[in-house]
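Hi,

Here is the structure I promised to pass on.

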Amino acid sequence: MSQGGGAAPAHKVVKPQDQGWAWMVLFAAVLLQGLTLGFPSCIGVFFKDLQHEFQASNSETSWFPSIMVAVLHGGG
């Protein structure tokens with residue numbers, strides 16, 4: 001029971017609604033993940049100096065990057 005009359009509407013070609021923005025969102029997400037997950041690795045160069053300064057071992061200084069990576073992965 002249509003209200004418009006007897007003829008069925010013709011099929012229209014639907015244009016995608018994102019207009020290319022999905023690729024920009026994907027690129028921004030990859031860039032953000034690369035920057036945030038690469039940060040703990042970059043500060044690792046300072047651990048040798050910190051170990052020497054505080055007379056600490058590898059196991060005593062390794063908790064910091066472990067917790068940082070866990071928070072980055074688990075915290076969203």
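A quick word on naming before anything else: the helices are DSSP runs of at least four residues, numbered from the N terminus. Also bear in mind that this is a predicted model.

With that in place, let's start with Gln-51, which sits in helix H2 (residues 47–54). Is Gln-51 buried or exposed? Its relative accessibility is 11%, and buried means under 20%, so Gln-51 counts as buried. What does the side chain of Gln-51 make a polar contact with? The partner is the side chain of Thr-61, at 3.0 Å. If you skip the neighbours within four places in sequence, Gln-51 is in contact with Thr-61 as well as Ala-56, Ser-57 and Asn-58.

Next, the helix pair. Helix H1 (residues 21–42) and helix H4 (residues 63–74) have axes that come within 10 Å and cross at roughly 170°. Angles over 145 degrees count as roughly antiparallel, so that is how H1 runs relative to H4. On the H1 side, the contact is made by Thr-36, Leu-37, Phe-39 and Pro-40, while H4 brings Met-68, Val-69, Leu-72 and His-73. Sorted by class, that contact has six nonpolar residues, two polar ones and no charged ones.

One last thing, from the records: an unreviewed UniProt entry annotates residues 20–47 as "transmembrane region". In the model, the chain over residues 20–47 is 82% helix and 0% strand, with its end C-alpha atoms 43 Å apart.

Cheers

Key: Residues numbered from 1 in each chain as written. Predicted model: local features only at pLDDT ≥ 70, side-chain atom pairs only at ≥ 80, totals over all residues. Heavy atoms only, no water. Axes fitted to C-alpha atoms, helices over the stretch in contact; angles between N-to-C directions. Helix = DSSP H or I, 4+ residues; strand = E, 2+ residues; numbered from the N terminus. Parallel < 35°, antiparallel > 145°, perpendicular 65-115°, else oblique. Contact = heavy atoms within 4.5 Å. Nonpolar A, V, L, I, M, F, W, Y, C, P; charged D, E, K, R; others polar. UniProt positions renumbered as here; feature names shortened; annotations may be inferred. Buried < 20%, exposed > 50% of the residue type's maximum accessible area, 1.4 Å probe, protein only. Polar contact = N/O pair within 3.5 Å; in protein donor to acceptor, adjacent residues only side chain to side chain.
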